[in-house]
Amino acid sequence: MTAVIELWSGLHPLLQAVIKGLAVIGVMFPFGGACSLIERKVSAWMQGRPGPNRALPFWVAWVPGIGLLQRLGVFHLMADGGKMFFKEDPVPGHVNKFYFYLAPVVGMIPALTTVTVVPFGAYLNEAGKMVPLVLANLDVGILAVFAVSSLGVYALILAGWASNSKYPFLGGIRASAQLISYELSMTLSVLPVFLWVNVPGGNGTLSLFDVVSAQNGAWFGLWMPLSAIVFLVALFAETNRLPFDMAEGEADLVGGFHTEYGAMKWGLFFVAEYSHMLIGSGVFVLLFLGGWNPLPWVPLADVAVWLHLTTQPILLGLLSIGIFLGKALFFIFLFMWVRWTVPRFRYDQVMKLGWQKLLPLAIANLLFYALLIAWIQTRN
Amino acid sequence: MPYVVERKPLTLSERIYLPQILAGMRVTLRRLFAPNVTMEYPEQRPAIPTGYRGVPTLVKDPHGREKCVSCQLCEFVCPPKAIRITPGSVEDQPDRTHVEKGPQAFDIDMLRCIYCGLCQEVCPEEAIFLQNQYTLSGYTRAELVNDKAKLYELGGTLPDQHFKWDKKKAAAEHGNTH
Amino acid sequence: MISAPKPDLVTVNIDGKDIAVPKGTNVIEAARQLGIEIPHYCYHPKLTIAGNCRMCLIEMGMPAVDPATKAPIMDAATGKQKINWIPRPQIGCATNASPGLHVKTSSPMAREAREGVTEFLLINHPLDCPICDQAGECKLQEFSTAYGRGYSRFVEQKNVKPKRTELGPRVTLDDERCILCSRCIRFCKEVAKDDVLGFVDRGSYSTLTCYPGKQLANNYSLNTVDICPVGALTSTDFRFKMRVWFLKETPSIDTESSVGANTTVSSREGVIYRITPRQNDAVNDTWMADSGRLLYKQVKADNRLLAPSINGAATATEMALKAAADLLVGRTGPVRHDDDATPAAHRAGAPYQGSVAIVGSGRSSVEEQFLTKKLADALKASVSLVSRVGQGDKLLISADRNPNVRGALVTGLISSLPSQQLTTLAADIDAGKVKTVLSIGEDLTAAGLTAAQLAKVAVVYLGTHQNATSNAAKVVIPTLTVFEKSGTFVNQQFRLQKFAKAVPGPAGVADDLVTLASLAGAATRSTVASDLGTLWSAIAAEVKPLALATYANVPATGLLLDATPWAALPFCEGETLHFKPAASAAATA
Ligand code: SF4
Ligand code: SF4
Ligand code: SF4
Ligand code: FES
């Protein structure tokens, strides 16, 4: 164990970074595929049909019980992946080639980058101190997430513009307008959380780990529900999910920004979309649902004590990752659940909701908590 | 005269909309656990109801005689102009001396057909029927143009009891000939 | 011209409406003028009245008068003169209008009578509309829809009669369908003057047949098919070819002689299926000759010219036009030195002025002849026509077998009548005066030129079909048949009649007007219009007898032109239906 850790710390930092990067890719791509499979299954079940259940590689067909995996459509995941790589990838003659190829890449970069700054678990070190599991533990935490993930919109705009055709172009325009509109409310809605975390006297922090630490008691979601709701709604809009998938709008825009894309280039957009969903869900869990704390008022440290895991950093780390991912996956499911419940908004409704409803609400919310916190502090 | 539908004013919870979404989500969640309603197609096949409109086919009478007389009414009535008939005279056959006319070629372009059933409706000889066949595939466009041989192969024989030509024959034998 | 004396008009009342009609008009025609249709089978306006189908039954009455005083008896209820309705129905076809006649065409009694007649007609009818060529234009079908009962009360066996009797080379009879109206018999006797048809046997066994040893073989036999109200008489050529409701009808003109019978060309999707007469009471009534109905076969004939060629090698239309223009214009007109395509030998000047001869055609339309004249004037070319003379049949085929010789006279293309042989041209070629001959659809060898003479000159041939001349021609440009283009002909009565394009020409074959306009344009160094609209403004401006005409406003029945400038010419036509040659007309006058 220690040998592994020593080997790791002995590596050149650059090599470390490369391995971390590969790990991100190695996790996020299968994750994107898995999400698409879950999405297909959940959609199917909600619509009263079995969903993908046919693919079965003939060389494993003999394994007993494999039928269950087949019914769950697990092999479709691989079939889809294989298809993405090997199917013909037409590039229409009218596109701007350079930007056309660039767009999916630009989409992937922020999606993969933000993953690195999101802590996904914690363990107790020898000193009995909570240490976050995160690829890059930045102090600016949430700012890095916002800053980088909002770059994702450039991919959509670029794709829409480079496709040089009407529907993608409209999709790109819509994407940019919508993402900018909801960015505001989203940012404003998390400010109360950080106002609370940064109580005067403490050293100011924007680290997501500190936010989780601050939720050892009540989760922010419980006593800042409006913040949570505004953030969640904005999150739907930011990830381009129904009812806010203006940029795709397959009914009115034939697929929007990715109309002209096919094969793996198209696949990249979708991995990016699912990564955004995962990161968004993760950030929501960290900010409002106590991160890896199993229950309100039940912090992970206490659980570790009860389960005698204080000296087992790896087991505790896995437990915390499990709790965190469990919560995040629920939100991914929520995304799908909402998708089949709420029909797509009209574009003007989206704009109206963003600017006339969410933004004032977020501002009012911010003022309310600022005054509340100030009042509490003057009382102390 | 425009007809104005009065809209009920929205209640507060409807205006907030979130409770409505939650109610909707309750419905979808229930659907998530409800049993499937679809059919596992290639293994399970639907029971074809009577009156089903499948692929149009040409049928023969119970004695295996061609019924179509190439009147071209189906060609005329077909809304997407899927039918193309080349009429022609036919040789006298001992069991139906009055036929005279039959299709030399009879093509139905299944890429155009909309399965409306008007051809069956209009046919004065009850020679064309939309039957049970509902799967249709091919690698080329030409494969999906059903020619006369294919149409008869798909159609088979229908057990109707008109025996038009037998009646004609009986009348002739009865002595009503000139 | 002797104007017909003004006919006496009598006023009759049909279904409550008064109408004044000439004396002798029957009730069917009088009702027709009011827009009321009295169903009928055996009555035909151009035949004598037989009155045997009984479909035209109507209720009829006369104003009541007191037998003693002859004073009108008034009806107290309406204050009008009382009508004595005849208690049983009368046939409309044989009832002539008489003053004060009152008719009810759709009273219960009349309806009932028609329903009864229809039921009787249908008891032995085979009801084989699905295979019947008449379906869609069948009077029995129409009136059965209106007056039939929809089901049959006839429980006995139907009659079975021969289905395929060949009455003649072009007519096939289906005896089961015949309703014994005798229209065909009367036509043969009265119009075709070839009395071959008659009924044999009695009752429901009555059968139409030819007299023993005779055939319905005259050149008008297919008119019986047209007038047969049911599908009993069918055209052997059209039999089972196409259902009539698919056919697009285009007005056209029969080109076989200068009678210019009006016709309807029926086509579907660019394929002509039949030609039938179109009623024109001043030209052909409702008839036409069988020979004219087969002319559509030339559209798809094997020897049809489909591609332009130069010296026998197929080429593009533009190339052929250019080559033709070079042959015609390059030798005659002022030479353009900037034009590389002009053969060097021709650039030196214009040594061949007048060396072009044009053989125009009495089969070309007026428009084409007008353009030919433009071309001839520009080239100072001599123009000749070939006349074709056959035997007139005194009915609808005249001696002059060119449909439009008078068009050439009217447009000024020629000023005297053409001869059958091109003797002058032959002499000119032998004398070396003519170097280039432009033939517009005329076979020059048939018109008396020898192969040796043809070899001496460069021939440009514009025509529809291959022949000895097209084989010998340097440049061949294919043209369209009368079915593939629009235009006008002037018939023997100097009646300007138009025909319209029924089917598109073969791919790649330019319209005759385009070809001629392009040649004329090359000759006159200007742009010559080739579309009918613009062309007709030019024709109206330049051709005095046509000053008031445009293609659009020529009525369907034709426009009679003033024939006096050509009255002295010795036209070859004899008397035909609705036409008396000027000489004999003068003699009788
Ligand atoms: S199938 Fe029926 S309607 Fe069609 S041509 Fe044959 S007989 Fe007529
Ligand atoms: S079903 Fe309708 S569309 Fe199809 S061939 Fe028959 S008439 Fe035509
Ligand atoms: S064949 Fe036709 S025209 Fe002649 S009598 Fe019979 S129904 Fe009349
Ligand atoms: S039309 Fe008058 S009796 Fe036939």
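In the predicted model, the side chains of C:K46 and C:D281 meet in a salt bridge, with a separation of 3.0 Å from N to O. Two salt bridges are found by the rule across the interface of domain 1 of chain C and domain 2 of chain C. The domain assignment divides chain C into domain 1 (9-117), domain 2 (124-300) and domain 3 (309-585). The centres of domain 1 and domain 2 of chain C, taken over C-alpha atoms, are separated by 30 Å. To their contact, domain 1 of chain C contributes 17 residues and domain 2 of chain C contributes 21 residues.

The size of an interface is often expressed as the accessible area lost when the parts come together. Between domain 1 and domain 2 of chain C, about 1,600 Å² is buried, and 57% of this area lies on carbon and sulfur atoms. On the side of domain 1 of chain C, the residues that lose the most area to domain 2 of chain C are C:Y41, C:K46 and C:L47, which together account for 43% of what that side buries. Polar contacts also cross this interface of domain 1 and domain 2 of chain C, with ten residue pairs found by the rule, both residues being at pLDDT 80 or more.

A further interface joins chain A and chain B, whose contact takes 18 residues from chain A and 16 residues from chain B. Chain A and chain B bury about 1,400 Å² between them, with 64% of the area on carbon and sulfur atoms. Across this interface of chain A and chain B, the rule identifies three salt bridges and six residue pairs in polar contact, both residues at pLDDT 80 or more. On the side of chain A that touches chain B, the elements giving two or more residues are helix 2 and helix 15 (313-339) of chain A. Helix 15 of chain A gives the most to that side, with four residues.

Individual pairs can be named at the contact of the two chains. A salt bridge is formed by B:E43 and A:R54, whose closest N and O atoms are 2.8 Å apart. Another salt bridge pairs A:R71 with B:E40, the closest N and O atoms being 3.5 Å apart. This pair crosses between chains, from A:R71 in helix 3 (residues 66-71) of chain A to B:E40 in the loop between helix 2 (18-33) and strand 1 (56-58) of chain B.

Over all chains, the structure holds 45 salt bridges. Side chains of opposite charge can pair when their charged atoms come close. Within chain B, B:E66 forms a salt bridge with B:K148, and the closest N and O atoms of the pair are 3.4 Å apart. Distant parts of the chain are linked in this way, with B:E66 in the loop between strand 1 and helix 3 (73-77) of chain B and B:K148 in helix 5 (residues 148-155) of chain B, 82 residues apart. B:E66 counts as buried because its relative accessibility is 13%, while B:K148 is partly exposed, with a relative accessible area of 22%.

In chain C, a salt bridge is formed by C:D512 and C:K485, with the closest N and O atoms 2.8 Å apart. Here too the pair links distant parts of the chain, 27 residues apart: C:D512 lies in helix 14 (residues 512-524) of chain C, and C:K485 lies in the loop between strand 21 (475-478) and strand 22 (487-490) of chain C. C:D512 counts as buried at 6% relative accessibility, and C:K485 is buried with a relative accessible area of 7%. Elsewhere, a network of salt bridges links B:K168, C:D128, C:K163, C:D174, C:E176 and C:R177.

In chain A, helix 5 (residues 97-117) carries a kink of about 30 degrees at A:A103, shortly before the proline A:P104. Both A:A103 and A:P104 are among the buried residues of helix 5 of chain A, which also include A:F100, A:V106, A:G107 and A:M108. Further along the list of buried residues in this helix are A:P110, A:A111, A:L112, A:T114, A:V115 and A:V117. The cover over the buried residues of helix 5 of chain A includes helix 2 (13-46), helix 6 (141-149), helix 7 (152-162), helix 9 (208-213) and helix 13 (263-288) of chain A.

Definitions and conventions:
Residues are numbered from 1 along each chain as its sequence is written. Chains are lettered from A and ligands numbered from 1 in the order in which they are written. This is a predicted model: local features need pLDDT of at least 70, side-chain atom pairs count only at pLDDT 80 or more; totals for chains, interfaces and linings use all residues. Side-chain values use heavy atoms; hydrogens and water are left out. The bend at a residue is the angle between axes fitted to the seven residues ending there and the seven starting there. Buried means under 20% relative accessible area, exposed over 50%, partly exposed in between (1.4 Å probe, protein chains only). Contact means heavy atoms within 4.5 Å. Domain bounds come from an automatic or database domain assignment. Buried area is the accessible area (1.4 Å probe) that two parts lose on being put together, summed over both. A salt bridge is a side-chain nitrogen of Lys or Arg within 4 Å of a carboxyl oxygen of Asp or Glu. A polar contact is a pair of N or O atoms within 3.5 Å; within protein, one must be able to donate a hydrogen and the other to accept it, and residues adjacent in sequence count only if both atoms are side-chain atoms.
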